Amino acid sequence: MVQKYQSPVRVYKYPFELVMAAYEKRFPTCPEIPVFLGSEILHESRSEDGAIHVIERSCKLNVDAPRLLKKIAGVEYVFFIQKNTVNWRERTLRIEAHNETFANRVVVRETCSYSVHPENEEWTCFEQSASLDIKSFFGFESTVEKIAMKQYTSNIKRGKEVIEHYLKELISQGITFIPRWSPPAAKDERAPAEGRDPGDILLDSGAAGTSREQAGSPCPPSEVASPDADKLDADYIERYLGQLTPMQESCLIRLRQWLQETHKGKIPKDEHILRFLRARDFNIDKAREMLCQSLSWRKQYQVDFILQSWRPPALLEEYYTGGWHYQDKDGRPLYILRLGQMDTKGLVKALGEESLLRHVLSINEEGQKRCEENTNIFGRPITSWTCLVDLEGLNMRHLWRPGVKALLRIIEVVEDNYPETLGRLLIVRAPRVFPVLWTLVSPFINENTRQKFLIYSGNNYQGSGGLVDYVDKDVIPDFLGGDCMCTVPEGGLVPKSLYQTEDEPENSDHIRLWTETIYHSASVLRGAPHEILVEILEGESVITWDFDILKGDVVFSLFHSKRAPEPSHKEAASPSPSAAGDNVQLIDKTWVLGVDYSRVESPLVCREGESIQGSHVTRWPGFYILQWRMHGPLPCSSSSLPRVDDVLASLQGSSHRCKLIYYYEVLASKDFRGSMSSLESCNSGFSQLSGVTTSSSQSQSSSHLSR
């Protein structure tokens with residue numbers, strides 16, 4: 001398996017030329033980097049005008065590996081080839097390195113770049129990426145991989161410290177300014193420097209470059225500026241997301257890049273992506289799968305709009321014994337739940353499970369919002385909240401089977417879609433019946449979450465080691481012996497007169513979480529595409545669509561016909577009789593493409609997990625058909641061979657089935673706003689989770705598609 005690393009953007013608040021002078025101090029040897037034993041120049045060249053300077057070096061490294069492994073490998077040191085290309089005109093440095101030792105067994109590639117900050121030309125940005133592919137190593141592949149990754153990550157941040165060390169050394173010598181490169185033909189006050197690179201000027205002049213004070217001197221505090229809207233810089237991560245290891249930073253950046261490529265226009269906020277990575281121990285593949293399922297869930301059930309649309313019924317506000325209450329000692333928002341005083345059976349019977357679930361989801365959405373606010377208030381990353389649960393009054397009534405079932409369902413939904421949002425759970429006044437409830441509930445709670453539980457029985461929560469260790473004394477609620485008045489409802493028994501009757505639907509008019517969604521589900525089977533019909537009565541209308549591929553790969557196409565097709569549910573090879581229940585085929589098998597109907601959009605291959613938005617401006621009235629068909633191997637001609645991926649896909653058999661959710665809308669062209677980010681006119685997107693992202697690629701014809 002190939003190991004990859006991608007750094008955030010690291011910013012030096014010094015001009016590019018000064019940073020380059022500090023960088024050159026690392027050669028030929030660098031005492032600040034113990035593993036770097038030395039280097040020698042293999043090749044050096046300059047362009048005629050001196051703007052481009054290329055140096056190729058052989059670098060000798062000492063690897064911290066077990067003596068036995070070195071003996072088996074037969075080497076004491078490893079050698080890397082490093083090629084540096086500095087462009088003084090563009091003010092960039094590109095570093096490319098690869099291993100020379102064991103090149104046929106291990107492939108290490110690294111690319112680094114220094115460039116000018118896009119928002120401040122007196123600052124310099126640094127980025128780094130690397131890959132490690134161990135093909136074979138005497139049976140010690142896993143050991144070598146661990147050693148290599150450990151040593152590499154330990155030296156990543158050390159690299160920035162070394163540059164800053166040499167920058168301070170230059171400043172201590174009085175060198176705070178190095179003139180920029182200028183072409184030989186330029187005639188100005190910098191004439192002595194014509195055609196020479198700033199590095200040579202520094203060597204010749206010593207401290208002569210001290211005539212100007214530059215941004216290298218101490219800078220006043222400023223807002224963290226991102227070098228690129230699509231990139232993360234290290235200062236931003238530390239300020240808003242917390243301390244991450246280099247590999248954790250890399251996982252965040254790589255998953256974020258994947259989302260930008262597949263979910264353009266609606267990227268979750270960085271702290272949200274980070275929660276899913278933490279929930280899966282920074283395994284990118286597992287975190288991506290979990291996050292994509294959650295994003296589809298949010299989209300399908302419009303969870304992003306809960307805070308705007310959900311208004312708890314009066315009965316819930318009176319009898320639901322939970323509410324927000326200041327924050328704990330770490331600045332986390334504090335939520336208090338008096339579970340022992342809550343009539344869970346009465347609430348379920350009066351409102352139904354869906355209403356309770358929706359209310360809990362609104363609490364979680366509010367919690368994320370409060371975390372962001374506290375991050376800005378306290379000036380440090382706050383990404384989770386604390387929950388204080390009072391079990392005073394808990395009894396066998398709370399173990400009512402449908403109530404426990406509802407609780408387990410809520411836990412499951414929260415665990416899947418709000419991972420790592422609970423920072424600490426304080427359970428106080430746990431009665432004797434609590435172990436029974438805990439035995440039922442704990443198997444459904446993630447192990448990482450369970451480790452955050454602190455349980456106090458009786459009055460053990462009072463005094464040292466209790467609540468005062470986590471919550472300020474002046475915030476502890478009055479009903480727990482504190483001095484703070486708490487506005488959380490006291491609950492009580494829900495009157496039976498408010499219970500729903502047996503034949504009354506659980507979801508009343510104001511409960512619309514699962515039963516109402518603008519998105520439709522569809523299945524695509526081999527030989528049975530899913531198609532929908534859109535009738536256009538006049539030209540210059542706009543058809544917009546938005547769909548997510550939940551399973552499998554599909555091909556999306558748009559066709560036009562002058563006559564109306566007859567919709568029919570087609571039988572297709574499937575593992576069960578109902579597999580094609582949400583599959584409709586419109587184009588008759590007797591129809592001929594180019595005669596009975598025509599293609600108006602080029603086919604678009606959509607991969608599993610991708611989110612697609614697009615639009616098409618119609619040219620003629622008639623019937624337009626949106627089609628999703630299973631992506632399979634193309635017929636191979638005599639001059640081409642089938643791809644391995646296509647052969648493997650064909651071996652999966654006809655029982656394979658793709659799933660998607662979709663929404664479409666027809667707008668008059670004058671009402672269509674934002675073709676580069678379609679569906680602006682409908683309730684689509686991730687308004688609560690998304691940062692600002694804008695990007696779309698224009699397809700052929702008049703359609704705009706964004707992934």
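**Group meeting: a walk through the chain**

Let's start with one residue. Aspartate 304 counts as buried because its relative accessibility is 1%. Buried here means under 20% relative accessible area, exposed means over 50%, and partly exposed lies in between, with a 1.4 Å probe and protein chains only.

Some ground rules. This is a predicted model: local features need pLDDT of at least 70, side-chain atom pairs count only at pLDDT 80 or more, and totals for chains, interfaces and linings use all residues. Residues are numbered from 1 along each chain as its sequence is written, and side-chain values use heavy atoms, with hydrogens and water left out.

Back to aspartate 304. Where is it? It sits in the loop between helix H8 (284-300) and helix H9 (306-309). Its side chain makes a polar contact of 2.9 Å with the side chain of arginine 298. A polar contact is a pair of N or O atoms within 3.5 Å; within protein, one must be able to donate a hydrogen and the other to accept it, and residues adjacent in sequence count only if both atoms are side-chain atoms. Helices (H or I, at least four residues) and strands (E, at least two) are DSSP runs, numbered from the N terminus.

There is another buried aspartate. Aspartate 233 counts as buried because its relative accessibility is 2%. Its loop runs between helix H4 (198-205) and helix H5 (234-241). The side chain reaches the backbone nitrogen of aspartate 235 at 2.9 Å. It also reaches the backbone nitrogen of tyrosine 236, at 2.8 Å. Isoleucine 253 is 20 residues away along the chain, and the C-alpha atoms of aspartate 233 and isoleucine 253 are separated by 9.9 Å.

Now the whole chain. It has 16 helices and 23 strands. Of its 707 residues, 50% are buried. The accessible surface is about 34700 Å², with 51% belonging to carbon and sulfur atoms. That area comes from the Shrake-Rupley method with a 1.4 Å probe; for residues, only the protein chains shown count as cover. Take contacts between residues at least 6 apart in sequence: 76% of them join residues at least 24 apart. Contact means heavy atoms within 4.5 Å.

Next, the five-stranded sheet. What is its strand order? The sheet is open, ordered E9-E10-E11-E12-E13, and its pairing is mixed. Strand E9 (322-327) and strand E13 (453-457) are at the edges with a single partner strand each, so one side of each has no neighbour in the sheet. On average, neighbouring strands are turned by 20° against each other, direction ignored. Pairing requires at least two DSSP bridges between two strands. E9 and strand E10 (residues 333-337) run antiparallel and are joined by four bridges. Glycine 322 stands opposite leucine 337 in E10. Helix H12 packs on this sheet, touching E9, E10 and strand E11 (385-390), and its direction makes about 10° with that of E9.

H12 has a helix partner too. The axes of H12 (residues 353-378) and H13 (residues 401-417) come within 10 Å and cross at roughly 35°. Axes are lines fitted to C-alpha atoms, for helices over the stretch in contact, and angles run from 0 to 180 degrees between N-to-C directions. The H12 and H13 crossing is right-handed, meaning the near helix is turned clockwise from the far one by less than a right angle. Among the residues that meet are Leu357 and Val360 in H12, with Ile410 and Val413 in H13.

Now H11 (residues 344-351). How many of its eight residues are buried? Six of them are, and the helix is mostly covered. They include Leu347, Val348 and Leu351. The buried residues pack against helix H10 (314-319), H12 and H13. After H11 comes glycine 352, with a positive phi near 90°.

The open four-stranded sheet runs E15-E20-E17-E18, with antiparallel pairing. Strand E15 (530-536) and strand E18 (598-606) are its edges, each pairing on one side only. Inside it, E17 (residues 554-561) and E20 (residues 622-630) pair over eight bridges. Leucine 558 has leucine 626 in E20 as its bridge partner.

Last, the hairpins. Strands E6 (residues 92-99) and E7 (residues 106-117) run antiparallel, joined by six bridges. Six residues lie between them, and there phenylalanine 102 takes a positive phi near 55°. E7 then pairs antiparallel with E8 (residues 120-134) over 12 bridges.
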